[in-house]
Amino acid sequence: MDWGMKNRMGRIFKQDGRTVMLAVDHGYFLGAVSRLEEPRRTIEPLIPYADSLMITRGVLRNCIDAKYNIPIVLRVSGGNSILDEDLSNEGLTVSLQDALRLNACAVALSIYVGSPHEHQTLVNLAHLINEAENYGIPVLAVTAVGKELEKRDAKYLSLSCRIAAELGAHIVKTYYCEDFDKVVKSCPVPLVIAGGPKMKSELDVLGIAYNAIASGARGVDMGRNIWQSKWPVAMISAIRSIVHEGASIGKATHLFENLKAKKK
Ligand code: R5P
């Protein structure tokens, strides 16, 4: 690996090889999603607890001060919206020059395997990697499943993750599922998990974070289950304890409850 690529990967994945990415890029197709209506208000208090921010260029430029020394994972695909039945019609929306101008540490793009625009999104990924390799920028492939969340089983996710890795993605983001170790084992690059829509309880979220790490995931790239919580700092802190300190679900829940009592 070239020095630049190694350095950027090392900024995202900490000394223990793991990472807590904070995903706040949802507006690129969901608009002003609940609790992210005013991005600065939601994001700023969480910055000290995140290892990187996954974000769009518009929110980065307008809502995040450049003084923060947090690695940026820049969302560079889009062109769809929640109003469309088919979410898979994405293209590249940001040039690599602009990503570099924003000092992005990595760029992120969604692929939709098994969707009407599978080919287009996979070729988008390949083209982005070709470009990004020229500058030593890691590419994070998001194995998006659109609205059909029932597709989230190990067979499907393993297929999507493996294809992303075969095309050259440096990091793959996917969803947690049963038999997650099979997804991890068949993907030769670091895997991080998304959280998906807000779950019923904090315990459920801590449970998937714990199980994913125990199965070999290298971290999380979570959004809604952190910042849609009434206690976002408590949530991200509890998740950090699982990812970076090897906390059990019980220990992480205890930390969450403690911080919640302090209204964090
Ligand atoms: C899609 O909106 C984005 O790629 C999100 O970054 C991703 O889904 C992770 O966020 P969440 O944990 O809210 O699913």
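Colleague: How do the axes of α6 and α7 lie to each other?

Modeller: In this predicted model, the axes of α6 and α7 come within 9 Å and cross at roughly 35°. Two packed helices are described by the angle between their axes and the distance between the axes.

Colleague: What is the hand of the crossing of α6 and α7?

Modeller: The crossing is right-handed. That term applies if the near helix is turned clockwise from the far one by less than a right angle.

Colleague: Which residues in α6 and α7 meet?

Modeller: From α6, L122, L125, A126 and I129 meet I163, A164 and L167 of α7. The cut-off for a contact is C-beta atoms within 7 Å. By class, this contact has seven nonpolar residues, no polar and no charged ones. Leu, Ile and Ala count as nonpolar.

Colleague: What makes the sheet a barrel, and in which order do the strands close?

Modeller: Eight strands close in the order β1-β2-β3-β6-β7-β8-β9-β10, with parallel pairing. On average, neighbouring strands of this sheet are turned by 25° against each other, direction ignored.

Colleague: How do you know that β9 and β10 pair?

Modeller: Pairing needs at least two bridges. Two bridges join β9, residues 191–194, to β10, residues 219–222, so the pair meets the cut-off. The two strands run parallel, and I193 stands opposite V220 in β10.

Colleague: Why is G17 called exposed?

Modeller: G17 has 11 other C-beta atoms within 10 Å. A residue is exposed if that count is 12 or fewer, so G17 is exposed.

Colleague: Where is the place of G17 in the chain?

Modeller: G17 belongs to the loop between α1 (3–12) and β1 (19–23). Its C-alpha atom is separated by 9.2 Å from that of P190, 173 residues apart along the chain.

Colleague: How many residues surround the ligand, and which are the closest?

Modeller: The ligand is surrounded by 13 residues, the closest being A23, A194, G195, G223 and R224. The elements that give two or more residues to this shell are β10 and α10 (224–227).

Colleague: How do the residues of the shell divide by class?

Modeller: Five are nonpolar, five polar and three charged. Gly counts as polar here.

Technical notes:
Residues numbered from 1 in each chain as written. Predicted model: local features only at pLDDT ≥ 70, side-chain atom pairs only at ≥ 80, totals over all residues. Helix = DSSP H or I, 4+ residues; strand = E, 2+ residues; numbered from the N terminus. Axes fitted to C-alpha atoms, helices over the stretch in contact; angles between N-to-C directions. Near = placed C-beta within 6 Å. Buried ≥ 20, exposed ≤ 12 C-beta atoms within 10 Å, placed from the backbone. Contact = placed C-beta atoms within 7 Å.
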